[in-house]
Amino acid sequence: MSRRKREADSKVGGVWYPRWFWPAFATPSTLWLLFLFVVPFYAILSVAFGRIDPIFGNPVPVWNPFHWDSTAFRFVLNQTFLRGGIYQPAFMRTLIYVGSALAICLVVGYPVAYFISRHGGRWKTFLLVALIAPFWISYLMRMLAWVNLLQDDGLVNKSLHMLHLIGAPKHWLEGEGITVVLGLVYGYIPYMILPLYGALDRIDRSLLEAARDLGASPRRTFFRVTLPLSKQAILAGSVIVTLPMFGDYYTQDLLSASPKTTMVGNVVDHAISSPFVTRAAGLVTVMMVLLIVPMFYYLYSTARASREAA
Amino acid sequence: MAHPRERWSYRRSLSRREFLRRSAGSAFALSSAGAFLAACGKASNPTFVPSVGPTGSGGSASPSGLPFPLARKDNPVTWPIYDDNPLIQSGLQPETNATLKIYNWEDYLWPRIAKNFGKEFGCEVEISTFPDYQTGISTIQTAQVDYDIYFPDPSILGKLIFGKLVKPLNLDYIPNLKNQWLQLQSPFYDVGSQYSVPYTIYTTGVAWRNDKVSEDIPSMSNPYESMWDAKYKGKIRLLDDYRESIGMALLKNGITDLNTENPADIELAKNDLLEMVDLVNVKLDVSDYTNIPEGTSWINQAWSGDMISAQYYLPTSVPVEALSYWYPPQGGGAVGSDNLVVLNTGKNPVLAHMFLNYMLDQKNAFDNFYNFVGYQPPQSNIDPDRLVSEGVIPKNLDTTVVRPEDFDKGYTYLELSPTGDALWNSAFLEFSG
């Protein structure tokens with residue numbers, strides 16, 4: 001065995017392993033990623049840059065990139081980024097709705113996760129199960145339940161009226177952006193709470209005690225110790241929650257269905273059942289590229305946190 | 001009672017998993033579309049030659065960019081029988097140990113009818129559903145499925161025939177065709193019923209809650225304008241269908257060509273629809289049959305069949321008399337039909353023919369309409385007046401009854417050229433966001 005080869009191999013517990021040994025463990029996940037992400041993404045690109053069957057209006061993917069037709073994709077880019085583009089309102093709305101929903105998820109989810117991890121005691125498991133239990137019911141059914149609750153004569157309006165918070169019934173289901181945002185929050189908030197709970201529960205109590213011993217107030221302890229230590233969970237929860245929100249279309253469909261609250265997911269959904277499937281694929285591609293930026297920030301931040309921990 | 005054309009439950013509430021399955025499925029499977037087009041080029045009848053088809057005649061080729069003619073009332077089409085897509089022979093016995101596979105809209109066939117057919121003809125009957133025509137055709141085109149029967153409307157029939165996705169009908173197996181209204185025994189979009197037979201008929205009009213809306217909509221000079229009435233902001237809904245919504249805006253403006261490809265007409269309709277967004281905060285769905293009875297909407301563009309079903313969704317506190325439906329009483333509105341065809345992908349062409357005949361049977365057609373679907377079959381023995389007098393349809397909903405003359409005076413959504421279809425779709429997508 002050459003010296004160079006020997007150096008490339010590694011020794012663990014007195015046993016030499018060939019250099020491919022440890023990376024080989026990544027094979028299943030690499031294959032998984034390849035077949036469930038790379039290949040489908042390439043299929044979407046092939047549709048976005050493909051053609052439309054002139055008779056049936058179906059997409060004809062073009063697999064060879066040298067034969068790609070960029071007409072539909074250029075249309076999507078122009079209508080998304082140039083002034084007055086028809087897709088701009090949907091993109092802006094999506095950004096605002098998802099941003100608002102994320103903020104509410106954090107504001108509501110963090111205290112809930114904090115409470116369960118710190119004060120749940122022997123009820124921790126019960127509280128977690130109680131939190132997740134409604135989500136065993138399908139998303140569709142839960143949203144339909146909200147349709148009933150939010151009707152003009154529904155329980156929400158009745159309760160608000162009883163509490164003298166509103167004089168006349170609020171028309172929640174008549175194309176209100178706030179209803180869509182609250183629907184998104186309700187649909188996705190457990191995915192924010194669970195990673196937050198995991199992180200908060202793992203924080204070493206001695207660190208908090210040390211902060212208190214050094215004279216930090218509870219508020220200062222929270223902002224200087226607890227919050228920084230849960231930053232990665234906040235980021236993880238935000239990524240888990242926002243990614244599906246950006247593609248969501250049925251929350252808008254069920255709780256609004258108004259063109260005034262259309263999100264990008266709805267535009268894609270409409271385009272799929274039209275002869276503009278190439279545009280739908282183009283929109284998906286643009287959205288993915290836009291979402292890569294926060295994803296990279298998340299990966300960068302996680303890597304940095306790991307380095308710091310090491 | 002379930003609802004007939006419950007597209008909503010599928011299209012508008014697709015699960016993420018289903019969405020991914022469909023997206024990936026179409027992305028991969030539709031690669032065969034290229035092969036299909038190539039195959040079209042090699043077919044024995046690569047281009048449609050009007051009047052000289054192997055057994056067909058009539059219809060003139062349109063400058064549509066399509067290799068087949070666009071059927072119109074003034075341009076009836078007799079589709080050819082292609083050499084490589086012949087009729088089945090007469091007198092064949094039905095397939096044994098078979099499973100007849102029906103590919104239909106959600107809740108658009110009474111399950112008991114299907115069960116009875118299976119019992120009578122010694123086969124299993126399996127019903128699968130499609131959410132919209134685009135998905136339905138894509139699925140059939142992949143040839144990965146072996147559905148026997150499909151339910152197209154005239155707006156997609158031409159492409160199904162030209163693409164040889166449907167089998168020509170041997171009418172020897174379908175004597176019950178004679179039970180249908182005369183003009184639908186040989187409709188202009190398929191002269192001689194060579195590929196299709198009628199299943200249900202409907203009109204598209206305006207439905208409203210007369211206990212909530214003070215205006216007498218039928219007496220308005222232009223009842224379509226009721227849908228632009230700002231007084232009912234938030235309580236007005238349109239059908240989430242690109243042909244129907246734009247079509248209604250065209251009719252409102254007095255444009256009766258519901259297959260117009262004139263950009264100025266479509267632009268006018270689109271601008272009218274866009275006006276609705278701010279004016280009445282219009283919403284789009286196909287839940288007209290629940291919106292109106294439940295009071296979610298007070299004025300709703302609606303299909304006549306849905307309004308017949310609507311009575312079963314009324315809360316107990318609301319009497320059926322609160323429902324109203326307007327369709328131009330002298331005719332001249334949107335009128336449509338859904339049809340039955342036999343698919344080439346199926347393994348049971350004889351049973352499929354027999355099923356078509358079974359559904360055109362007077363009793364079966366009526367039972368299917370009355371007990372489940374709510375959409376009227378064009379059976380000549382069904383007296384529209386008796387539907388009301390015998391209480392099948394409430395008196396206040398007598399406007400939902402479709403009459404043979406409606407098909408003479410009404411306007412049907414038909415196949416568009418690819419350019420025209422793109423024009424309509426583009427306008428709708430701009431409106432719907």
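## Two helices side by side

Let's start with a helix pair: in chain A, helix H14 (residues 264–272) and helix H15 (residues 277–309) pack at an angle of about 155 degrees, and their axes are 7 Å apart. Axes here are lines fitted to C-alpha atoms, for helices over the stretch in contact, with angles from 0 to 180 degrees between N-to-C directions. Helices (H or I, at least four residues) and strands (E, at least two) are DSSP runs, numbered from the N terminus. H14(A) and H15(A) are therefore roughly antiparallel to each other (the label for angles over 145 degrees).

Who touches whom? On the H14(A) side we find A:Val264, A:Val267, A:Val268, A:Ala271 and A:Ile272, and their partners in H15(A) include A:Leu283, A:Val284 and A:Met287. Contact means that the C-beta atoms, placed from the backbone, lie within 7 Å.

## Where the model comes from

This is a predicted model: local features need pLDDT of at least 70, side-chain atom pairs count only at pLDDT 80 or more, and totals for chains, interfaces and linings use all residues. Residues are numbered from 1 along each chain as its sequence is written, while chains are lettered from A and ligands numbered from 1 in the order in which they are written.

## Chain A as a whole

Chain A holds 15 helices and four strands. Its C-alpha trace spans about 70 × 65 × 35 Å along the principal axes. Among contacts in chain A with a separation of 6 or more, 63% join residues 24 or more positions apart.

## Where the chains meet

Chain B puts 37 residues into the contact and chain A puts in 36. On chain B's side, H16(B) gives the most, with eight residues.

Terms used: Angles under 35 degrees count as roughly parallel, over 145 as roughly antiparallel, 65 to 115 as roughly perpendicular and the rest as oblique. Two residues are in contact if their C-beta atoms, placed from the backbone, lie within 7 Å.
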